[in-house]
Amino acid sequence: MTTVGVSILLLLTVSPAVAQLPRPHDSRDTLTVSATVMEAVLSTEKDPRCSFLLLTDGVTSPNTFRMLKKQLQTPCLFGFFEATEDNKDVDQVIEAAKRLRRNSWHVTVVVVSDDPTFLTSITSKTVRNSLLVAETRLLAVTRLPLSKLWDLQESFALRNAMLILMDETSGSLGCSVYVHLPYRPQGTKALKIASWTPHRGLTLTTQLPLFPDKFTRFLEKPHLVAVSVEFASHNLIVLEDVAAPGGKRITFEGIMETVLKYLSEGLNFTYSYVRPEDGTWGTQNDKGQFSGMMGVMTRGEADIGLGPFALTPIRYGVVDYTYPVDIASMKIMSGRGRAEADPWGFLLPLAPLVWVALLISLSGVLLTFLLLSSYLSPKIFDRRSFKTNASSLIRVLLQQGK
C-alpha cells in the first residue's frame, strides 16, 4: 500500500474580535515551541495509516507548518487549518477539516492556541459538528495554566482527548500531559499521566498509556443518570427511599433494565433513573429542540437514554448510539376481502410451461392414435384368421405398408 503525504493550508483573514492573552517571554509562537513535544507524543502512533489534522489560531506562520511537517515525518495525511481570532469563522475551518477527515484513517486532531476562548469554541464545535467521532483522537497544546481551562473538562472527558500544558517559568521548557476522566464532578482536577523535559524526554507518570482507553472500563466508579419511560415489557416500579427527592425512587423491570445492569457491572458504574415530564420518547420541534427522553439527553440532564430507540438521521446527529440490541421489522396490514371464485383458478397449480408441455403431449398421443387407425383397417378384426393365426395379421400389415 502506497501512502502519499498531503498538506493543506487554509487561511481565513478577518478582523480581530477576541483579545489575546499577553504573550509569554518567549516570542516564538506556541506551535514552534511545542514542536518537539508534539513529535514525542504523536510518534507513539505506530499505524502508518494515521493522519493528523492541525488546527491553530491566527498567530502561526506558514514556515512553522512546513517545519513541523518535516519534523514529524508523518507517512500519511497531514492537514493544516488556521483561523484567526474571529470565532465566527471557526465553523468554516471545521467543515474543511471534516471533509479531510472523511478521507483519512486513524485521525488525530491537534489544536494549538493560547486563547482560552478559541480553545473552548473550537473544541465544542468539533464535537457538535461531528469532526470528532468515537475513533478520532484529540490533542490540545497550550501555555495556559490548568486553572483557566475548566471549560474544556466536559468535552475532553467524553472524548479520547489529552491536554499538553507547556511551562516555561523555570527558564527551560517543560510540559505536562493531562487526561480528563469521564463523568467526574465539575471542577475535578485532570489526571497527569506524563511529563516531558528536554533532557529526559517523554516520561509516563502513571500506569496509563498515552490516549488511554477510558471507556472499556471506567477507572473510577462514576454515578450515571439514565432516563427511561414505561412501555410493554418495561415496567415502572416506585420504591420508598428517604434519601431520594420526595422520598421515592423509581426503577424499572424488564429486558432493557437487565441490559443496563450488565453494562454497569462490566463498565464499573452505578446509575439511577429519571423520567421525562411528558413521558414520551421525544420529537424535534420547529426550533430544533427535542421533547421527551431525547430532550433530557440533549440538555445534558441524563447520561444514558434507555430505549431501545429507533435509529433516525435527526437523532443520530445529536446523540451517540450503542450497537443495536434489538432488531424489529414493521409491516403494513389491511383487512382481508371476501373470497371470490376464479374461473381460471384450476390453472394455478402448474406453471404455464407445464401446461404447454401437457397439451403438446396430449396432441402427440391423439395424432398417434389417428395414424394407427388409418393404417389398421377394421376388416382385419372381422376375419376369422385373426382369431386363429397371428402370422396372417403380420402379412396383412406388411402388405398395407407397401
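I began with the lining of the second largest pocket, whose residues divide into 6 nonpolar, 1 polar and 3 charged (Ala, Val, Leu, Ile, Met, Phe, Trp, Tyr, Cys and Pro count as nonpolar, Asp, Glu, Lys and Arg as charged, and the others, Gly among them, as polar). The model is predicted, local features need pLDDT of at least 70, side-chain atom pairs count only at pLDDT 80 or more, and totals for chains, interfaces and linings use all residues. Residues are numbered from 1 along each chain as its sequence is written, and side-chain values use heavy atoms, with hydrogens and water left out.

I then listed the lining residues of this pocket: Val225, Ala244, Pro245, Lys248, Arg249, Ile250, Ser272, Tyr273, Val274 and Arg275. Two or more of the lining residues come from each of β12 (248-254) and β13 (270-274) (strands are DSSP runs of E, at least two residues, and helices runs of H or I, at least four, numbered from the N terminus).

Which residues of α6 are buried? I found Met256, Glu257, Leu260 and Ser264, and they cover an arc of only 100° around the axis, which puts them on the same side of α6 (the arc is that of the directions from the helix axis to the C-beta atoms). On the other side of α6, Ile255 and Tyr262 are exposed (buried means under 20% relative accessible area, exposed over 50%, with a 1.4 Å probe and protein chains only).

Last, I noted that α6 is followed by Asn268, whose phi is positive, near 70°.

Key:
On a 1 Å grid over the protein atoms alone, a cavity is a set of points where a 1.4 Å probe fits but cannot get out, and a pocket is an open set with protein on both sides within 12 Å along at least five of seven lines; lining residues have an atom within 4 Å of a point.
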